[in-house]
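Hello,

Here is the structure you are taking over. My notes on the findings follow below it.

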Amino acid sequence: MSTYTLPELPYDYAALEPVISAEIIELHHDKHHAAYVKGANDTLEQLAEAREKDAWGAINGLEKNLAFHLSGHILHSIYWQNMTGDGGGEPLEKDGTGELADAIAEHFGGFARFKAQLSKAAATTQGSGWGVLAYEPVSGRLIVEQVYDHQGNVGQGSVPLLVFDAWEHAFYLQYRNQKVDFIEAMWRVVNWQDVNARYLKAKRLPGGLLVP
């Protein structure tokens, strides 16, 4: 039995139009995300075979593949939940997302500055990658990460809360090479209820990291 499975979308393919077309959502979820799930499961099987045979010639590539495919699966699973056709705006107390709003104000100096940083991080990622709002458990603060591929350039232990997919497959059919336009449009579908819930859960994670 496979360890990882492709999650169902929480909406239909056309739910995020006109920001993201139904064609992109279908291809992105059913083909690209599915490929990361398969890649992670296949790599686990290959690692099990290596352990059984005590054959480690491919260990570097296998470990890299597992990190790549597993991180791709995890980030996409968050990505789908981070969006809604009724989203956009910013987190507000009256909408029940006041704790997230307060944290953004404290750690970024206000929503406008946070939006600018995350937008720039996502839009200027070299090659393929993500812009990520994450909870950093050592300091208990929010940070923005610029993630290369799916797994590079990440603070260890940080918990992703809001992810902007900046791989070309996320936007090219609709926005062509205008990644900046796609990132700007993404703010119209952010599900702040989901981001706020992730933030509250991250703050309650028991134990934290084993650091001095």
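Helices here are DSSP runs of H or I with at least four residues, numbered from the N terminus. Please keep in mind that this is a predicted model.

Pocket

The largest pocket holds about 300 Å³ of space. Its lining is made up of 14 residues, and those nearest the pocket centre are Ser71, His150, Val154, Ser158 and Pro160. H2 provides the largest share of that lining, with 3 residues. Helix H2 spans 59–81, and both this helix and strand S2 (141–148) supply at least two lining residues each. Sorted by class, the lining of the largest pocket consists of 6 nonpolar, 7 polar and 1 charged residues.

Core

The largest nonpolar core contains 51 residues, and Ile20, Tyr79, Phe114 and Leu142 have the most contacts inside it. The element that gives the most to this core is helix H4 (residues 111–123), which contributes 6 residues. With residues up to four places away in sequence not counted, Leu142 touches Leu100, Ala103, Ile104, His107, Phe108, Leu133, Ala134, Tyr135, Leu161 and Tyr199.

Ser119

Helix H4 also includes Ser119. Is Ser119 buried or exposed? Ser119 counts as buried because its relative accessibility is 13%, and the cut-off for buried is under 20%.

Regards

Terms used:
Residues are numbered from 1 along each chain as its sequence is written. This is a predicted model: local features need pLDDT of at least 70, side-chain atom pairs count only at pLDDT 80 or more; totals for chains, interfaces and linings use all residues. Side-chain values use heavy atoms; hydrogens and water are left out. On a 1 Å grid over the protein atoms alone, a cavity is a set of points where a 1.4 Å probe fits but cannot get out, and a pocket is an open set with protein on both sides within 12 Å along at least five of seven lines; lining residues have an atom within 4 Å of a point. Grid points are joined across faces, edges and corners, and a volume is the space filled by probe spheres set on the points. Ala, Val, Leu, Ile, Met, Phe, Trp, Tyr, Cys and Pro count as nonpolar, Asp, Glu, Lys and Arg as charged, and the others, Gly among them, as polar. A nonpolar core is a set of buried Ala, Val, Leu, Ile, Met, Phe, Trp, Tyr and Cys residues joined through side-chain atoms within 4.5 Å. Buried means under 20% relative accessible area, exposed over 50%, partly exposed in between (1.4 Å probe, protein chains only). Contact means heavy atoms within 4.5 Å.
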